Amino acid sequence: MSTDLPDQHDDAAERPSKTQRKNEMKALQALGERIIAMSEAERARLPLSEYMRFAVEETSRIRSHEGRRRHMQYVGKVMRREDLPAIQAAFDAMEQEAVRRDQAFHRLERWRDRLIDDTSAESLEAFIAEYPDVDRQTLRQLIRNAQSERQREKPPTNARKLFRLIRETAGMPR
């Protein structure tokens, strides 16, 4: 017996389940929370629609717990219309910048430690070769003072000043 009705099982298999839809909505709300938690400058780098920007700004005015919960559902709904791959790409780019900044910071910390630990002039000469514009007199003075502080078990005031000089010389912003 053949029927002309479309197979209903095929339609059901193509549609996401209610659980899948809820999980997708929760993921969108979590992404919205992440966007809300960002600073204004970071948020400006994201490709957000005016609706989304308004929803994010509106969040700061909501005080009640239940109101915020409902608003986050609204944010999740607005997120459905956003360009999610572009937003994710912007998040990834910001993460990569943070990783590069952290690596550069750690590299400068290693320079500081190497300059303080090395009593020979090898590390100093290597640093000057890499950063020829450094104020050499100040650099040498800070290294001597930091070494003295370490020997006398004093707080690392000059080590901090040395790191500041290294960071400024390397052109790394605060």
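1. Ground rules. The model is predicted: local features need pLDDT of at least 70, side-chain atom pairs count only at pLDDT 80 or more, and totals for chains, interfaces and linings use all residues. Residues are numbered from 1 along each chain as its sequence is written, and side-chain values use heavy atoms, with hydrogens and water left out.

2. Helix 7. This helix spans residues 122-130 (helices are DSSP runs of H or I, at least four residues, numbered from the N terminus). Its buried residues are S123, L124, F127 and I128 (buried means under 20% relative accessible area, exposed over 50%, partly exposed in between, with a 1.4 Å probe and protein chains only). They sit on the same side of helix 7, because they cover an arc of only 135° around the axis (taken from the directions from the helix axis to the C-beta atoms). E122, E125 and A129 are exposed on the face turned away from that side. The buried residues pack against helix 6 (84-117), helix 8 (136-151) and helix 9 (157-170).

3. Helix 6 on helix 8. The axes lie 9 Å apart, at an angle of about 75° (axes are lines fitted to C-alpha atoms over the stretch in contact; angles run from 0 to 180 degrees between N-to-C directions). The two helices are therefore roughly perpendicular (65 to 115 degrees). D113, L115, I116 and D117 of helix 6 meet L139, I143, A146, Q147 and R150 of helix 8. The residues of this contact divide into five nonpolar, one polar and three charged (Asp, Glu, Lys and Arg count as charged; Ala, Val, Leu, Ile, Met, Phe, Trp, Tyr, Cys and Pro as nonpolar; the others as polar).

4. Cores. The largest nonpolar core has 19 residues; L115, F127, L139 and L162 touch the most other members (a core is a set of buried Ala, Val, Leu, Ile, Met, Phe, Trp, Tyr and Cys residues joined through side-chain atoms within 4.5 Å). Helix 6, helix 7, helix 8 and helix 9 each supply at least two residues of this core. Helix 9 gives the most, with five. Apart from this core lies another, of 18 residues, including M38 and M79.

5. H71. This residue is in helix 5 (residues 65-79). H71 counts as buried, at 9% relative accessibility. Leaving aside neighbours within four places in sequence, H71 is in contact with A55, E58, T59 and I62 (heavy atoms within 4.5 Å).

6. M172. This residue lies in the segment after helix 9. M172 is buried, at 15% relative accessible area. Its C-alpha atom is separated by 8.2 Å from that of A104, 68 residues apart along the chain.

Note on methods. Angles under 35 degrees count as roughly parallel, over 145 as roughly antiparallel, 65 to 115 as roughly perpendicular and the rest as oblique.
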